[in-house]
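Student: I would like to go through a protein structure with you, a piece at a time. Could we look at it together?

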Amino acid sequence: MKRNVLTPVFMAVAMALGVVMGIAIARGNGDKTVIQGSGDLNTIEKVFYLIQNEYVDTVNIDQLQVDAVTSVIDEMDPHSEYFVPEVLEEVTEELQGSFEGIGVTFRIEHDTITIINTIKGGPSEKVGIQGGDRIIYVGDSIVAGNGITNATAMKLLKGPRNTKVEVKVLRRGIAELLDFTITRDVIPTYSVEVAYMIDDTTGYLKLSKFIATTHKEFVKAVKELKAEGMTNFIFDLRGNSGGYLGEAVDIVDEMLPKGSLIVYTQGEHRDRQYIYARRNGMLEDMPVTILIDEGSASASEIVAGALQDNDRGTIVGRRSFGKGLVQEQFDLGDGAGLRLTVARYYTPTGRCIQKPYDGDREKYLFEAYDRYTSGEMFTADSIHFADSLKYTTPGGKIVYGGGGIMPDVYVPLKQDTTEYFFNKVVNASILFQYAFDFSDSHRDEILGYGNAKNFNDNFVFSEKMFNDILKEAKKKKITGTDEQVEKARELMGPLFKAYVARNIFSDEEFYPIYEPLDEILQKALKK
């Protein structure tokens, strides 16, 4: 049964009614109790006034108000959100393109903060922190072996610029703890995950989100790719859940002729606004392929929809998420904020690609799982669009609204039973963990290859390593047929090396090594 998300509101009102009844009973004779000076208060304000001033027990009125507001917003649509001050700061920071901290990537490994890499030129690198170091103390507080979480670690390590944090770290091969004093600084964050040449003419760029610096990053990366000889561009938006509309528009502007319609927006209290390409873009005359999947949403869909509806480039992958709503963020003055849906956006042909929402937030957010049961993830024939949602591009191509962007070239998930065992091992994080442990214990050996390419070309994924992974799988009761095990032997090596390259060299080194296993990318290269 669907949970009634307005329950806290009704509880608040019920409490208030109880208060009012109690006052009437206590004061007797049917006389009404008048709230002095309440003439300018609305009903909700009066309710909370009574709860705060007349209720029999002490209540946390601030939390009660937060619960009420959150419940109302949840009932409206799945993308409007109310943020308390500390959460608003975090979500805003994610989109700003920088934060203030010590400049490391880490993960909690065996209940300990384990440094994966230091950010080049950042404060931790400057004082000598290294990948593989374990943070045991922050200040006088021990942070190892006591249930430390990512959230707690972030709060301890992040902080205002020029403030200092003292840490003690354990480094492999050194018996005593090492002391470091790190001066926090502004740490840039990037939305371009990787940009490199796949071959002599094909450039590849993967974008994780649309933040305040995205267009600037994009232009810089594209210029570098063009300088390396790029004449064909693959733009990967898989898993990109969106961000700033303006950044998405600026990127599309680089690929469409001046004057082309990119998107338009309209809401009950927002007049229709058309957004056109305003300049001559640096990719206007270059073949473009956009990669999308079920994780591509919002700003990613604006990019894909604008190019598809202008008959520009080819969309490859699987149907996108289906978010066609525009949010605007409002400062509520007390450090809290409201991200409110104010309009819908429409692709140039007039499509609204927002998927249906029946009020069940969980069902909506996890609709991608329904695509497995319906068969959509395995064959495009399982996808059915209503004729009423049909649109035609200027070039005569049929496109549909009402539920995401359907790619021009659909790439289903493979239904290869021989890969079942491999997929189970990967999904259970056995290969990932083995690669992490190997990276940690063989760091100097791997660094000896000089770079990720030499490592990939010369490192051998041995039979012993494969057997070690089989033993770990067996411990978790994951088994396969002889045929499945042989297939896993073929696939594990490249993915293992991609994991290790990311752990030791940098995040971006994962992609060139993983590339042969990437079915959507391979399809884009062969189209």
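Predicted model: local features only at pLDDT ≥ 70, side-chain atom pairs only at ≥ 80, totals over all residues.

Student: Let us start with strand S5. Is S5 mostly covered or mostly open?

Tutor: Strand S5, residues 134-138, is mostly covered. Four of its five residues are buried.

Student: Which strands does S5 pair with?

Tutor: Strand S4, residues 112-118, is joined to S5 by two bridges, and the two run antiparallel. Strand S7, residues 164-170, is also antiparallel to S5, with four bridges between them. Strand S6, residues 141-142, pairs with S5 in the antiparallel sense over two bridges.

Student: Which residues face each other there?

Tutor: Ile 113 has Ile 135 in S5 as its bridge partner. Arg 134 stands opposite Leu 170 in S7. For S6, the bridge partner of Tyr 137 is Ile 142.

Student: What happens between S5 and S6 in their hairpin?

Tutor: Two residues lie between the strands of that hairpin, and Gly 139 takes a positive phi near 65 degrees.

Student: Which residues have a positive phi although they are not glycines?

Tutor: Ser 298 is one of them, with a positive phi of about 55 degrees. Lys 477 is another, at about 60 degrees.

Student: Where are those two found?

Tutor: Ser 298 sits in the loop between strand S15 (288-292) and helix H9 (299-309). Lys 477 belongs to the loop between helix H16 (463-475) and helix H17 (482-504).

Student: Is Ser 298 buried or exposed, and why?

Tutor: Ser 298 counts as buried because its relative accessibility is 10%, and the cut-off for buried is under 20%.

Student: And Lys 477, buried or exposed?

Tutor: Lys 477 has 75% relative accessibility, so this residue counts as exposed. The cut-off for exposed is over 50%.

Student: New topic: sheets. In what order do the six strands of the open sheet come?

Tutor: The order is S10-S11-S12-S15-S16-S21, and the pairing is mixed. Strand S10 (192-197) and strand S21 (409-410) are the edge strands, since each pairs on one side only.

Student: How is S21 joined to S16?

Tutor: Strand S16, residues 314-317, is joined to S21 by two bridges, and these strands run parallel. Val 316 has Val 409 in S21 as its bridge partner.

Student: What about S11? Where does Tyr 204 lie, and is it buried or exposed?

Tutor: Tyr 204 lies in strand S11, residues 202-207. Tyr 204 is buried, with a relative accessible area of 1%.

Student: How far is Tyr 204 from Tyr 511?

Tutor: Their C-alpha atoms are separated by 10.0 Å, while the two residues are 307 residues apart along the chain.

Student: How far apart are Phe 106 and Asp 311?

Tutor: Phe 106 and Asp 311 are 205 residues apart in sequence and 43 Å apart in space, taken from C-alpha to C-alpha. Phe 106 is found in strand S3, residues 104-109. At 17% relative accessibility, Phe 106 counts as buried.

Student: One last thing. Which residues form the negative surface patch?

Tutor: The patch is formed by Glu 86, Glu 89, Glu 90 and Glu 94. Glu 86 lies in helix H4, which covers residues 85-96.

Methods
Residues numbered from 1 in each chain as written. Heavy atoms only, no water. Patch = residues over 30% accessible without salt bridge, like charges linked within 9 Å, V, L, I, M, F, W, Y side chains within 5 Å. Areas by Shrake-Rupley, 256 points an atom, 1.4 Å probe, with all protein chains shown as cover. Salt bridge = Lys/Arg side-chain N within 4 Å of Asp/Glu carboxyl O. Lys, Arg positive; Asp, Glu negative; His and termini not counted. Charge placed at Lys NZ, Arg CZ, Asp CG, Glu CD. Pairing = 2+ DSSP bridges. Buried < 20%, exposed > 50% of the residue type's maximum accessible area, 1.4 Å probe, protein only.
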